[in-house]
Structures are given as structure tokens and as C-alpha cells.
Amino acid sequence: MKTAVFANSKGGVGKSTIALLTSLSLATRHNRAKVQLIDLDPQATTSDSLSRFANHRFNVTNNEEFSLGSATPNNSRIISHLESISSDHLSECYSILDCPAGNEPERSTFLLHSNIIFIPTSVSDADVFATKKYISSLIELFDSDTENSPKKSPLVVILPSMIDHRDELNELRSVLAGMPVYFGKPLRYSPNFRRAFRAERDDNNVKVLLREHSAYSKWITDLIIHSDRLKLRPKKLFQL
Ligand SMILES: Nc1ncnc2c1ncn2[C@@H]1O[C@H](COP(=O)(O)OP(=O)(O)OP(=O)(O)O)[C@@H](O)[C@H]1O
Ligand SMILES: [Mg+2]
């Protein structure tokens, strides 16, 4: 059982978009995988959109009990839910959590129960400032977690999103250079993402996205599946 979280205190950075792409990619690329998309956002954009794909291997959950209101997660409910999911011998289970904007690590101890935390950000100043602050709070949360050794903290991966040019990516990498986390592959800007959440006839919008971003999907799903191969916390920004 692997748990991946998409989080950032900043809104509109691509959390739900990449959570959608990742959960569908895991389910379609790995035919023994059982995938559960857990939408922690009361707006429920991801779960509303993905519920039409639900089947015995793809579960979509939006449980009011997971939230105590205004972006405050109900940590104990989320943790007990995660602990109740277990892999059987025929399938591997993956939980993908989509967090709402406003998520603050100090109020989100459930984050400590994940394997990997993805933090999408665009190159805009507002996103980058919020992302740096978010990562610092996340590391404080890890360091305050005396029950676990630092070795057991989740992996943290920044996901450059909505990238237009290589120059933008280089700029983002240099601004974040001192952060002791991983730096993932860029998800480029594509107008097709604007149609990611609608229910189109024949699901053509989703097919187009999975095809257009197949290399990215492979990269992110492989990273989740093999997350235990990575050393836990790099000393400074480490490009994957
Ligand atoms: N790579 C991309 N290219 C083009 N548009 C994108 C891309 N990623 C996301 N978007 C668009 O940016 C907007 C914000 O994306 P999304 O809803 O995924 O962000 P979010 O972080 O989940 O936001 P919120 O904090 O409100 O939940 C959406 O309109 C989405 O379609
Ligand atoms: Mg969202």
C-alpha cells in the first residue's frame, strides 16, 4: 500500500489536475493496481469528475468526515481510513490524496502517514513564495515528529507545473536551490488541461491528456511505485 499526497497551501497550482492524471495513470498502466482517489477538498472537483470511472479497481472517496471545515483536516479519521486499506496478495493498493488550498502542515499530521508528498508549483512569484513557506513548515512537522526517526519521513517532491519554457524551469530550480527536497520533472502548460474535469462524450478529453502526457504519467507512477528506492531527504534540491 502506497500513499501519495498532492498538497500546497497555495491555490490553483495544479494539485487536482496532477492528482487526476496520476490516479488515472496508475489504474490504466498497472492492471493489478487498486487505486483510491481521496478528495479532501470540500469543493470536490476531482472526486465529482472521476466518480464516473469508479469500478472494482478504482475508488473515489469524498467523505465529509475527513474535514473539520475551512481546510482543517480531520487527521484521526484520515489516518484510520488509510490504515484500513491494505494490499491483498493479488493487487497493490495506491491512495492518492488531493488536498485543498490552505492546507497547513502543522494542522495536517496525516501527512506523516504518507509515502510521498507532491508539491506542485508554477513559476509565478506568488506560487514560489507560498511553496517555500509550505516546504519549511513541512520540514518542521517532520522534525517535530519524535515518534518516527527522520528516516521514515515521507519523500517530498516539488512538481514544476504549467511550464512554458526551459528558461522558466531553470529559474524555478535556482530559486528553490537551497530546499532539502526533490525536484520533479516539469508538467508543461497545455490548453487541454482546461478540459480535464468535464465528462466528455467517449471521455475524449481524458484520453487526449493521457496520450499527450504519457511520459510524465509513466515517470510519476513509477516514482510512486518505487518511492522506497529513494534516499529520504536530500541535503539540498535534488533533480530527479
Ligand atoms: N499543465 C497545465 N496546463 C494548463 N492549465 C493547467 C495545467 N495544470 C492546471 N491547469 C489549470 O489551472 C487551474 C488550476 O488547476 P487545479 O485546479 O489543478 O489547481 P489546484 O491546485 O487543485 O487548485 P485549488 O487549490 O483551487 O484546489 C485549472 O483551471 C486547471 O485546468
Ligand atoms: Mg484542487
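Trainee: How many aromatic pairs does the structure hold?
Mentor: It holds 3 aromatic pairs. Keep in mind that this is a predicted model.

Trainee: Take Phe 6 and Phe 118. Are their rings stacked or tilted, and why?
Mentor: Stacked, because the planes of Phe 6 and Phe 118 meet at 25° and the cut-off for stacked is under 30 degrees. The ring centres are 5.0 Å apart.

Trainee: Where in the chain do those two sit?
Mentor: Phe 6 is in strand S1, and Phe 118 is in strand S5, residues 116-121. They are 112 residues apart, so the pair links distant parts of the chain.

Trainee: Buried or exposed, that Phe 6?
Mentor: Buried, at a relative accessible area of 0%. Phe 118 is buried too, with a value of 0%.

Trainee: And what about the rings of Tyr 216 and Trp 219?
Mentor: That pair is tilted, with the planes at 55° and the centres 5.6 Å apart. Both residues lie in helix H7, 3 residues apart, about one turn of the helix.

Trainee: How accessible is Tyr 216?
Mentor: Tyr 216 has a relative accessible area of 7%, which makes it buried. Trp 219 has 14% and is buried as well.

Trainee: Switching to charges. How many salt bridges does a search of the whole structure find?
Mentor: It finds 9.

Trainee: Which residue does Lys 2 pair with?
Mentor: Asp 228, with the closest N and O atoms 3.8 Å apart. This one links distant parts of the chain, 226 residues apart. Lys 2 is in strand S1, residues 2-6. Asp 228 is in the loop between helix H7 (214-225) and strand S9 (238-239).

Trainee: Is Lys 2 buried or exposed?
Mentor: Lys 2 is buried, at 13% relative accessible area. Asp 228 is exposed, at 61%.

Trainee: What does Arg 233 bridge to?
Mentor: Asp 143, and the closest N and O atoms are 3.2 Å apart. Arg 233 is in the loop between H7 and S9, while Asp 143 is in helix H4, residues 125-144. They are 90 residues apart. Arg 233 has a relative accessible area of 31%, so it counts as partly exposed.

Trainee: Back to H7. Where are Lys 218 and Asp 222 in it?
Mentor: They are 4 residues apart in helix H7, about one turn of the helix. Lys 218 is partly exposed at 44% relative accessibility. Asp 222 is also partly exposed, at 24%.

Trainee: Which residues are joined into one network by salt bridges that share partners?
Mentor: Arg 195, Arg 198 and Glu 200.

Trainee: Last topic, Asn 205. What does it touch?
Mentor: Leaving out residues up to four places away in sequence, Asn 205 touches Arg 52, Arg 195, Ala 196, Arg 198 and Glu 200. Among those are the network residues Arg 195, Arg 198 and Glu 200.

Trainee: Which backbone oxygen does the Asn 205 side chain reach?
Mentor: The one of Arg 198, at 2.8 Å.

Trainee: Where does Asn 205 lie, and is it buried or exposed?
Mentor: Asn 205 lies in helix H6, residues 204-212. Its relative accessible area is 2%, so Asn 205 is buried.

Definitions and conventions
Residues numbered from 1 in each chain as written. Chains lettered and ligands numbered in written order. Predicted model: local features only at pLDDT ≥ 70, side-chain atom pairs only at ≥ 80, totals over all residues. Heavy atoms only, no water. Salt bridge = Lys/Arg side-chain N within 4 Å of Asp/Glu carboxyl O. Buried < 20%, exposed > 50% of the residue type's maximum accessible area, 1.4 Å probe, protein only. Phe/Tyr/Trp six-rings, centres within 6.5 Å; stacked < 30°, edge-to-face > 60°. Polar contact = N/O pair within 3.5 Å; in protein donor to acceptor, adjacent residues only side chain to side chain. Contact = heavy atoms within 4.5 Å.
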